[in-house]
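Please have the coordinates open alongside them.

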Amino acid sequence: KPGESPIVAAHTSPSWRILLAPHAGDNPMDDRIRKAQDEVRRLSDPRYALERLGWLFVAKAREQQDPGFYLLAQHCSTAIQENHPDSLEALLLRGYVAQSLHRFAEAESIGRQLISRREFAADFGLLGDALVDQGRLTGAIPHYQRMVDLGPDLQSYSRVAHVRWPKGDLEGATEAARDAASSAGSSDSEAAAWALSRLAHYEF
């Protein structure tokens with residue numbers, strides 16, 4: 001419409017219509033998604049609200065084992081890039097979607113772009129994951145180590161355990177898994193449950 005800002009006008013693009021479609025469900029994650037959608041609709045520049053919504057869709061995909069939610073997260077990345085084409089936040093979200101959908105070469109490419117432009121723990125985690133899933137375990141180790149250096153937490157410790165285990169270092173894998181489990185917060189029960197299940201596997 002005449003006089004309408006480019007950001008408001010973008011709400012009519014295919015990605016916006018898809019990611020803002022009515023969301024069903026009655027658990028806490030579903031409520032968080034609906035609230036994030038409302039925030040996206042309300043803001044004149046919802047760049048960071050779109051990023052939060054995208055990661056909520058990623059969490060929902062993991063919770064339900066439903067890859068369709070990864071595609072919704074990808075639409076969030078696309079919507080951000082329509083107005084902020086150089087957004088590294090959107091690029092990271094797109095990379096994790098690619099990795100989750102087993103597009104490992106694409107995820108690796110995105111991971112390398114990200115680490116060349118900033119020092120952010122999740123970027124190194126993405127690149128390490130893409131290399132591991134292509135069978136390049138040794139190549140992933142320095143990226144995981146950099147992830148630990150930047151952010152020792154559940155995500156980084158879990159990855160350390162994941163690479164120690166196939167190397168035959170059971171004791172080291174168990175130690176890292178304990179660190180991951182003890183780092184789990186109450187705000188992400190799915191990640192905490194995953195860390196505890198991996199610890200149980202190593203202990204067994």
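1. Is R34 buried, partly exposed or exposed? With a relative accessibility of 24%, R34 counts as partly exposed, where buried means under 20% relative accessible area, exposed means over 50%, and partly exposed lies in between, for a 1.4 Å probe and protein chains only.

2. On the basis of the values, this is a predicted model, in which local features need pLDDT of at least 70 and side-chain atom pairs count only at pLDDT 80 or more, while totals for chains, interfaces and linings use all residues. Residues are numbered from 1 along each chain as its sequence is written, and side-chain values use heavy atoms, with hydrogens and water left out.

3. R34 forms a salt bridge (a side-chain nitrogen of Lys or Arg within 4 Å of a carboxyl oxygen of Asp or Glu) with D31, and the closest N and O atoms of this pair are 2.6 Å apart. The two residues stand three apart in helix α3 (residues 28-42), which means that about one helical turn separates R34 from D31; helices here are DSSP runs of H or I with at least four residues, numbered from the N terminus. D31, at 35% relative accessibility, is likewise partly exposed.

4. A second pair spans separate elements: R136 forms a salt bridge with E108, with 2.9 Å between the closest N and O atoms. Because R136 lies in the loop between α8 (121-132) and α9 (137-150), whereas E108 belongs to helix α7 (residues 104-115), this pair ties together parts that are 28 residues apart in sequence.

5. Elsewhere, salt bridges that share partners join D30, K60 and E63 into one network.

6. As to the total, the count by this rule comes to 14 salt bridges. Side chains of opposite charge can pair when their charged atoms come close.

7. R198, in helix α12 (residues 189-203), is partly exposed, with a relative accessible area of 24%. From C-alpha to C-alpha, R198 and D133 are 18 Å apart in space, and they are 65 residues apart in sequence.
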